[in-house]
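Here's a quick walk through a helical packing site and a pocket. Have the structure open as you read.

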Amino acid sequence: NDLASAKLNIVFDYIASNFQHSISLDKLAELANMSKTAFCRFFKARTTKTFLEYLTDMRISYACELLIEGDLSISQISTKCGFNSPSFFNFLFRIV
């Protein structure tokens, strides 16, 4: 469906531009012109991931890039990737 693809592309673009900051489910649902519940079902059906799983994967991937560069501390990387807590970042990084 072209409309669903267009909505998903708007959401993906927003996430890609803002993943380093806090992203609310309300904002994404608004961008897709859906309720939060409908958006969550829509997103999961098309990506096989919840929004939070998708966002976490994006942040961890970016963290891997920064780790390879080797210029920043773990604390700096966690902050730069949008994680509020270095210990939470470490926890997620280990389980992914």
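Of the chain's 96 residues, 31% count as buried, where buried means under 20% relative accessible area, exposed over 50% and partly exposed in between, using a 1.4 Å probe and protein chains only. Bear in mind that this is a predicted model, so local features need pLDDT of at least 70 and side-chain atom pairs count only at pLDDT 80 or more, while totals for chains, interfaces and linings use all residues. Residues are numbered from 1 along each chain as its sequence is written, and side-chain values use heavy atoms, with hydrogens and water left out.

The chain has six helices and zero strands, taken as DSSP runs numbered from the N terminus (helices are H or I, at least four residues; strands are E, at least two). The C-alpha atoms fill a box of roughly 45 × 20 × 20 Å along the principal axes. Contact here means heavy atoms within 4.5 Å; among contacts between residues at least 6 apart in sequence, 47% join residues at least 24 apart.

Now for H4 and H6. H4 spans residues 51-69 and H6 residues 86-95, and they pack at about 95° with their axes 11 Å apart. Axes are lines fitted to C-alpha atoms over the stretch in contact, with angles running from 0 to 180 degrees between N-to-C directions. The two helices are therefore roughly perpendicular, a label for angles of 65 to 115 degrees. From H4, Thr-56, Ile-60, Ala-63, Cys-64 and Leu-67 meet Phe-89, Leu-92 and Phe-93 of H6.

Phe-93 is partly exposed, at 31% relative accessible area. Beyond its neighbours within four places in sequence, Phe-93 touches Ile-60, Cys-64 and Leu-67.

H4 and H6 also each supply at least two residues to the lining of the largest pocket, with H4 giving the largest share, five residues. That pocket has a volume of about 200 Å³. It is lined by 13 residues, with Ser-22, Leu-55, Arg-59, Gly-82 and Asn-84 nearest its centre. A pocket is an open set of points on a 1 Å grid where a 1.4 Å probe fits, with protein on both sides within 12 Å along at least five of seven lines; lining residues have an atom within 4 Å of a point. The volume is the space filled by probe spheres set on the points.

Note on methods: Angles under 35 degrees count as roughly parallel, over 145 as roughly antiparallel, 65 to 115 as roughly perpendicular and the rest as oblique.
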